[in-house]
Amino acid sequence: MLTLQYLRESMDYDPDTGVLTWRARPVEHFSTERRWRAFVGQCAGKPAGSLNFHGYLNVGLNGRMYKAHRLAFALHHGIEPEDIPAQIDHIDGDRINNRATNLRAATNAQNQHNAGRRSDNVSGFKGVSRQKRNSKWAAKIKVHGKKLWLGLFDTAEAAYAAYCEAAKLHHGEFAKLDQASSHP
């Protein structure tokens, strides 16, 4: 099991840059002295992690993969890896920005509130969809697992304004409001 002490012996975390850097780990971390020498020669002092398929930095440690932002959170806050909250939110939505000021504990719902616009969204605005039967724009928001209807509007911009007001009210600091783009 990974412990905070083991993690501190393995890597350093720079809270200003968000970078995890391999340390010259103790020989006891390795099954043989030859593996230790190889690791120290190839990795010590270099950034830890590589991008995974989903755009997060993963760090391999003792045959197991860990998300870099979770390790950074543990190191920064001095908590055992097993006590890291279930969700760590990237405030700016950038999955590789692991600066201390960009990471916060969140519930699954809060993490979803901070998610960007869905890839299948055609309006260009989070929380806004086109109603074909009346050529209006509908605004909706999810609160406590339930969709709330915010109304029909003549423009996507007006619907998005209604969504933004509701998001500020219901989601507070987790409201993601900067995902608007001009609609098609």
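Trainee: Where is E80 found?

Mentor: E80 is found in the loop between helix 3 (68–77) and strand 6 (87–90). Helices (H or I, at least four residues) and strands (E, at least two) are DSSP runs, numbered from the N terminus. Before we go on, residues are numbered from 1 along each chain as its sequence is written. This is a predicted model, in which local features need pLDDT of at least 70 and side-chain atom pairs count only at pLDDT 80 or more, while totals for chains, interfaces and linings use all residues, and side-chain values use heavy atoms, leaving out hydrogens and water.

Trainee: Why is E80 called partly exposed?

Mentor: Its relative accessible area is 31%. Buried means under 20%, exposed over 50%, and partly exposed in between (1.4 Å probe, protein chains only), so E80, at 31%, is partly exposed. E80 also touches T3 and L4, not counting residues up to four places away in sequence; contact means heavy atoms within 4.5 Å.

Trainee: And why does H29 count as buried?

Mentor: H29 has a relative accessibility of 10%, so by that cut-off H29 is buried. H29 is placed in the loop between strand 2 (19–22) and helix 2 (33–43).

Trainee: What makes the pairing of H29 with Y6 a polar contact?

Mentor: The side chains of H29 and Y6 are joined at 3.4 Å. A polar contact is a pair of N or O atoms within 3.5 Å; within protein, one must be able to donate a hydrogen and the other to accept it, and residues adjacent in sequence count only if both atoms are side-chain atoms.

Trainee: What makes helix 3 mostly covered?

Mentor: Seven of its 10 residues are buried, including H69, L71 and F73. Helix 3 lies across strand 4 and strand 5, at about 70 degrees to strand 5. Axes are lines fitted to C-alpha atoms, for helices over the stretch in contact, and angles run from 0 to 180 degrees between N-to-C directions.

Trainee: How do you know that strand 3 and strand 4 pair?

Mentor: Strand 3 and strand 4 (residues 57–61) share two bridges, in the antiparallel sense. Two strands pair if DSSP finds at least two bridges between them, so this pair qualifies. S50 stands opposite N58 in strand 4. These strands belong to an open sheet of three strands with the order 3-4-5.

Trainee: What volume does the largest pocket have?

Mentor: About 900 Å³. On a 1 Å grid over the protein atoms alone, a pocket is an open set of points where a 1.4 Å probe fits, with protein on both sides within 12 Å along at least five of seven lines; lining residues have an atom within 4 Å of a point. Grid points are joined across faces, edges and corners, and the volume is the space filled by probe spheres set on the points. Of the 30 lining residues, the closest to the centre are R118, K126, G127, K142 and K147.
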